[in-house]
Amino acid sequence: MADNTEKTSLREQLIEAGMDELNEYGYQNFSVRRIAAKCSVSCAAPYKHFKDKHSFVAAILEHINTIWTARQETIVKKHAGDGRRQIVEVCMEYIRFLVEVPYFRSAIMLKDEDFDEEFNRPRGRLSALSRALIDRYCEDNDIPDDIRRAKVYIIRSLIYGAALMFDNGEFEYCDENMEIVRSTIEREILSATQPNP
């Protein structure tokens, strides 16, 4: 029994080190050997937990999904019954998570021709809730499909654009500027339900 706990603990250490590795080196230069050294284990030790580099990175994506899903679910429950507020708060948390947790941003931006369902499924789930909230809000407010698609695009662009601008220093990451982003997202959501003048 103790051996199983030890394996779980090492697996978690490997995933944590793998997130740093992914953030620093990306997928192409991801080194299981470097991660093993960082965890003070043999080069073969990670392969007791992950079939290969590909499944290792997929496990990292699953781990990130678990963290991100828990954060989103907390927000959705806190604002139950208020679809607009859920969207805004999940979007704001998405931006914070992208800025403050670099490996999350690295995971979302991963791109490789060899990626398959093992990668694309967890990567797709990273953004699934924000998209589902927008879809549900549009449906509840009888917003046509073409406008819904535009809203998904615009709001997701606001999320990624704000996170990138904060990250590269173009826009200072501070409460005042986060409020600018919040009001822009709120205005974009509200404009979907307001008649054109």
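Tyrosine 94 counts as buried because its relative accessibility is 0%, where buried means under 20% relative accessible area, exposed over 50% and partly exposed in between (1.4 Å probe, protein chains only). This is a predicted model, in which local features need pLDDT of at least 70 and side-chain atom pairs count only at pLDDT 80 or more, while totals for chains, interfaces and linings use all residues. Residues are numbered from 1 along each chain as its sequence is written, and side-chain values use heavy atoms, with hydrogens and water left out.

**Aromatic pairs**

- The structure holds seven aromatic pairs; rings of Phe, Tyr and Trp (its six-membered ring) pair if their centres lie within 6.5 Å, and planes under 30 degrees apart count as stacked, over 60 as edge-to-face and the rest as tilted.
- One of them joins phenylalanine 30 and phenylalanine 56 edge-to-face, at 5.4 Å centre to centre with 85° between the planes.
- Phenylalanine 30 lies in the loop between α1 (2-25) and α2, and phenylalanine 56 in helix α3 (residues 53-78), so this pair ties together parts 26 residues apart in sequence.
- Helices (H or I, at least four residues) and strands (E, at least two) are DSSP runs, numbered from the N terminus.
- Phenylalanine 30 is buried because its relative accessibility is 6%, and phenylalanine 56 is buried because its value is 1%.
- Tryptophan 68 and tyrosine 94 form a tilted pair, 5.2 Å centre to centre with 40° between the planes.
- That pair links distant parts of the chain, with tryptophan 68 in helix α3 and tyrosine 94 in helix α4 (residues 83-100), 26 residues apart.
- Tryptophan 68 is buried, at 0% relative accessibility.
- Trp68, Tyr94, Phe97 and Tyr160 form one aromatic cluster.

**Helix α8**

- Helix α8 (residues 175-191) has 17 residues and reaches 24 Å from its first C-alpha to its last, close to the expected 24 Å; the expected span is 1.5 Å times one less than the number of residues.
- Its buried residues are Asn177, Met178, Val181, Arg182, Ile185, Glu188 and Ile189.
- Glu176 and Arg187 are exposed on the face of α8 turned away from its buried side.

**Confidence**

- The chain averages a pLDDT of 84, and 83% of the residues score at least 70; pLDDT is the predictor's confidence in each residue, from 0 to 100.
- Mean confidence is highest in helix α2 (residues 32-38), at 96, and lowest in helix α5 (residues 102-109), at 69.
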